[in-house]
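The following paragraphs are intended for a reader who meets this structure for the first time. Please keep the sequence and the model in view while reading.

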Amino acid sequence: MASEGLPKNQDLSDPETQYILDGNARFRRLGWKRLTVISIVEAIALGSLGLPSAFATLGMVAGVILTVGIGLVAMYAGYNIGQVKLRYPQVGHYADVGQLLLGSVGSKIFVGSFVALLIFVIGSHCLTGAIAFQTITESGVFSVVFSVVSAAILMMLAIPPSFAEIAILGYIDFASIILAIGITVIATGIQTSNGSGTFSTDHSPWSAWPIAGITFSQAIVATNNIVFAYSFAGCLPSFMEDMHTPEDYIKTLWWLGGIQIVIYTLTGSLIYAFVGQEVQSPALLSAGPVISRVVFGIALPVIFISGSINTTVVCRYIHGKVYHDSAARFINTRKGWMTWLGLISLVTVLAWVIAEAIPIFSELLSIISALFVSGLSFYIPPVMWFVLLREGAWYEKHNLQPAVCNLVVFIVGMVVFGCGTYSSIAELVSKFQSGAISKPFTC
């Protein structure tokens, strides 16, 4: 493994060779347990904060069913992606699958989708950071100032390029989101039971069924918020590239999927049950002014560490492609470090622009889900199975079950893409026209 990427008969005393050896040793030391931590950190972040609001729109029954069902579908799709990575070792990142499926045209499409998805996700973290700082400080400072501060923090945390190094921060991140969600659930429960909050069960009870007069667009936007919570698949090949035993990804996938389903179902159902129809998005705003300030302070690590991991993933891909045949790709030379710092700065600025252009949390998550998560996490993995993994005709006995399962996953992805794109844009335009949200790049 240490000699991977070296030409034959390469002089081991050559400085360039040493950079390659050191880089391979540094970037291929990720085990499945650390990968589980990184995956949880990357996955269980902003997604969980939008779920109670989605439950309020869809109702408790549909909310729980969709949270569990979409979680299982995402796990199955993730399994396909990992199998493609194992069968085709040249796939270093998700975007490389495009070359296998559709040649050079597919490569360009996948690269664009992969990079755009991660930049949009980073933008959502930037937006959440600005909301957090505004809530904590209760300041009249322009929101643009807070979003700039958020972007700067995201950029600094993305400087370490190795996922094994980032995993150390993951433990802090995971504790952060669990504490923030736990405190929100407990606080809203106490406030509801004794009537000390700004809401009560008499004033805004939860319902098992969708809100009265729910529109098609509202239902799809709420569903897309649940879909976004399971958007981990796009980063899976990138994480596996750093593993010393890539086959162990299956252990991570089952642990990650199970933990996600449990946390998301409890978060969405409990906070919605306690707060009722007045639940806000992000959910941490629902605990009242004082508690919201506390929980947002606790949640700052998850907002920024999780966001920075997405920055690292997209920049690792771009940097690796630019310096594919150079030791600079390992970011342990002066040239490598200079371009790495420039790249993470550029990506962060683009993400900040997106955060300012779409300054409302639920709609931003819905747009991300419709345009990118629908494909990368749902309707493309079934295509991978039919084209790259299937052995024999799809109707043969041993292929019938996976064929049916992949067809279901494909349909889910296409519904999210088609209906979700229309509904997200329609809801966003409606709220801009009604003045429900501020214009881009304003206070």
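In this predicted model, the largest nonpolar core comprises 118 residues. Within that core, the residues with the most contacts are Tyr94, Val97, Phe114, Tyr230, Phe239, Val313 and Ile380.

The protein has 15 helices and 0 strands. Of its 443 residues, 55% count as buried. Among contacts with a separation of 6 or more, 83% are between residues 24 or more positions apart.

Attention may now turn to H6 and its contacts with two other helices. In general, two packed helices are described by the angle between their axes and the distance between the axes. What is the angle at which the axes of H6 and helix H7 cross? The axes of H6 and H7, the latter formed by residues 143–157, cross at roughly 125° and come within 8 Å. H6 and H7 are therefore oblique to each other. The crossing of H6 past H7 is right-handed. On the H6 side, the contact involves Ile122, His125, Cys126, Gly129, Ala130, Phe133, Gln134 and Thr137. These meet Ser143, Phe146, Ser147, Val149, Ser150, Ala151, Ile153 and Leu154 of H7. By class, the contact of H6 with H7 has 9 nonpolar, 7 polar and no charged residues.

The second contact is with helix H13, residues 334–357, whose axis comes within 7 Å of that of H6 and crosses it at roughly 65°. Here too H6 passes its partner, H13, in a right-handed crossing. From H6, the contact draws on Ile119, Phe120, Ile122, Gly123, Cys126 and Leu127. From H13, it draws on Val347, Leu350, Ala351, Trp352, Ile354 and Ala355. The residues of the contact of H6 with H13 divide into 11 nonpolar, 1 polar and no charged.

Phe274 lies in helix H11, which runs over residues 249–275. Is Phe274 buried or partly exposed? With a relative accessibility of 26%, Phe274 counts as partly exposed. The C-alpha atoms of Phe274 and Pro205 are separated by 8.0 Å, although the two residues are 69 residues apart along the chain.

Technical notes: Residues numbered from 1 in each chain as written. Predicted model: local features only at pLDDT ≥ 70, side-chain atom pairs only at ≥ 80, totals over all residues. Heavy atoms only, no water. Core = buried A, V, L, I, M, F, W, Y, C linked by side-chain atoms within 4.5 Å. Buried < 20%, exposed > 50% of the residue type's maximum accessible area, 1.4 Å probe, protein only. Axes fitted to C-alpha atoms, helices over the stretch in contact; angles between N-to-C directions. Helix = DSSP H or I, 4+ residues; strand = E, 2+ residues; numbered from the N terminus. Parallel < 35°, antiparallel > 145°, perpendicular 65-115°, else oblique. Left-handed = near helix turned anticlockwise from the far one by under 90°. Contact = heavy atoms within 4.5 Å. Nonpolar A, V, L, I, M, F, W, Y, C, P; charged D, E, K, R; others polar.
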